[in-house]
Amino acid sequence: MSDLSTRDIKFLPGVGPKKAELFNKELKIFSFEDLLYYFPYKYIDRSRTYKIKEIDGNMPYIQLRGEILNFETQGEGKGRRLIARFSDGTGIIELVWFKGIKFIIEKYKPGIEYTLFGKPTRFGSKFNIAHPEIDPIDDIIDKAPGLQAYYSTTEKMKSHFLNSKAIQKIMYNLWKSINGPLPETLPAQVIARSQVIYLTEAIQNIHFPQSPDLLRKAQFRLKFEELFYLQLNILRFTRQRQKKLGGFRFDHIGDYFNNFYHQCLPFELTNAQKRVLREIRADVGSGKQMNRLLQGDVGSGKTLVALMSMLMAVDNGFQACLMAPTEILASQHYESISELVAPIGIHVELLTGSTRKKERERIHEGLLTGDVNLIIGTHALIENTVLFSNLGLVVIDEQHRFGVEQRARLWKKNNRPPHILVMTATPIPRTLAMTVYGDLDVSVIDELPPGRKPIQTIHQYDNKRGALYASIRKQIEMGRQIYIVYPLIQESERSDLKNLEDGFKHIQEVFPEFKVCMVHGKMKPAEKDAEMQKFVSGEAHIMVATTVIEVGVNVPNASVMIIENAERFGLSQLHQLRGRVGRGADQSYCILMTSHKLSQETRKRLEIMVRTNDGFEISEADLQLRGPGDMEGTQQSGIAFDLKIANIAKDGQILQLARDIANEILDKDPELSLTENYVLNRQLQKIFKKKINWSLIS
Ligand code: ADP
Ligand code: MG
């Protein structure tokens, strides 16, 4: 059979030059093969009509038959939606529309029998179906029974009669014209090990499912294959790089580390901190270059682990640097670290954008001669003028603020890449970490230092302010401090800034007896630091701020975090902000203030925040709600999520299987040179020939 990737779809029966152009432009489909790999986005089971009372938690698109009882609009502005109650005599389900409300009310009338298709979603004990497809009963009688595939198309295509149904017909023509088995794209041993079905059967059933069971198997096969090649590619490069580059060997633990451990450490390390230090120690002692992601929830004590890792570097005659995303955070790190290490005589410096020229030159000199052991700073550290004598370890705090490119620049500061430790308090779900940072080893601090009380989170409506202020007053009288955060979508937006300033004035009026300070991103660094300092020193009782305080700031005495307009924040951001309290021994609170008008999704977000303090659970939920493309960290890192069928949020188990099998193969045949792996090589070349290899620059 001829190569499907070279056959132009314009020659496919039912396509022709005009439609071919639409396929090219709108869907980037050029060849028979492109079309074959254009998968349906849903299936509708036309063979069966369900009863409303049969609906349970985990159903695909289903068909119902019944009538609309009534319509009602709820909410306002962006949250406005139309709700219809739909009944078939066995129960009632709500239908929801967020768009086209007027059109729906005009088109569908209560009391007429309709067939309805949609995916039920559970909300509490009830179910609803958002944007169902509704047909009058007569229209569907002639429709084909069985599982029917639906393809997405664009408005432009639809206006040229290329709707889902038309694509279905073209797909049928394609399948008929291929008329034979497809060349298999997985080697026999992988098929056997993963127990997937053959490609031909999978492709046939993904477009024309013969049964729900075969459809599931087809989906499994194609998802597996997609994730498998992704993993094989990442892992292959990781292994090559580790072999080729090698890393600095920190072969002993010396006086700095030991003296610090025995003399300076103000508390016992948690077991998780000890475990992670052992993992890092094994890496840096191995002769390979370390590339490790350290995940630990806010307050879990990552900084200390970073510091002790840097001491390992210094013990072995290397320099180390710690890079933080903001000046405030860098100076906080600098202060706490220089205080901690003062007794062991290490030379620590701070370098930020506001370091004076003279000072800066002195530090540059010290780095070049090796006189400076530890340098803490911001982006200023990656400027070309900053050169090291022998940089052995780079620690990057709160990684999601640094792009891939910036990290790559740090690499270049040596003839050999230093060890890299990336710390993040925004836990990346495992599945995402495996895909995006397939080559990073991951350490997790999953334990908080003892004595911390879990933060209590409360969702409060705006009209309950009076009671809230009374409890704030009580907290301050007990000696605690309070954060109040306002959202700024863009720090340049004037109205937002006004919002903050009004809030500041209002709080000053409500609490005339207390000192209030204010911090936002539009301030000059010096001014910002001065305000910040008022709060850190305890002089100010209340800090009114924007999310500039989101990252890393440490004031253990602050016990209440109030977040205004909490509906305007994403889950990770809320969690990050909440992490600013609960750092001392007192009971802490996080109050999420909102109005009454909230969308379903916002309610879900708030519910999750109230329910759990677990950053991993929150980021998993975030991934489910928003999808990976929006996750913090992935956008900045510029990694495109153009998966055709697999879903990072949902297919974690398949991903794990794919990774395991990819590792097994590379263990046996690192170069993929065995005959049995011929197909793997061919597919990798085909799939990744245009893609950038991110694993080389993480
Ligand atoms: P994060 O992981 O959010 O960066 P930090 O490193 O800022 O957390 O640590 C939070 C607080 O916990 C700091 O005040 C730090 O001194 C303290 N801390 C860290 N490790 C321990 C420990 N093992 N026992 C008690 N307190 C600790
Ligand atoms: Mg931190």
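## Polar contacts of ligand 1

In this predicted model, a nitrogen atom of ligand 1 lies 2.9 Å from a polar backbone atom of Glu268, which is a polar contact (a pair of N or O atoms within 3.5 Å). An oxygen atom of ligand 1 is 3.4 Å from a polar backbone atom of Ser300, and an oxygen atom of ligand 1 is also 2.6 Å from a polar side-chain atom of Arg452. On its own, ligand 1 has 560 Å² of accessible area (Shrake-Rupley method, 1.4 Å probe), and the protein covers 82% of that area.

## The shell around the ligand

Around ligand 1 there are 16 residues (each with a heavy atom within 4 Å), and those that come nearest are Gln273, Gly299, Lys302, Thr303 and Arg452. By class, this shell holds four nonpolar, seven polar and five charged residues, with Gly counted as polar and Asp, Glu, Lys and Arg as charged.

## The pocket

Ligand 1 sits in the second largest pocket, in the sense that more than half of its atoms lie within 2 Å of the grid points of the pocket. A pocket here is an open set of points on a 1 Å grid over the protein atoms alone, with protein on both sides within 12 Å along at least five of seven lines, and lining residues have an atom within 4 Å of a point. The volume of this pocket is about 1,300 Å³, and among its 46 lining residues the closest to its centre are Thr303, Gln332, His333, Ser336 and Asn554. The helix α12 gives the most to the lining, with twelve residues.

## How the model was read

Residues are numbered from 1 along each chain as its sequence is written, and chains are lettered from A and ligands numbered from 1 in the order in which they are written. Local features need pLDDT of at least 70 and side-chain atom pairs count only at pLDDT 80 or more, while totals for chains, interfaces and linings use all residues, and side-chain values use heavy atoms, with hydrogens and water left out.

Note on methods. A polar contact is a pair of N or O atoms within 3.5 Å; within protein, one must be able to donate a hydrogen and the other to accept it, and residues adjacent in sequence count only if both atoms are side-chain atoms. On a 1 Å grid over the protein atoms alone, a cavity is a set of points where a 1.4 Å probe fits but cannot get out, and a pocket is an open set with protein on both sides within 12 Å along at least five of seven lines; lining residues have an atom within 4 Å of a point. Grid points are joined across faces, edges and corners, and a volume is the space filled by probe spheres set on the points. Helices (H or I, at least four residues) and strands (E, at least two) are DSSP runs, numbered from the N terminus.
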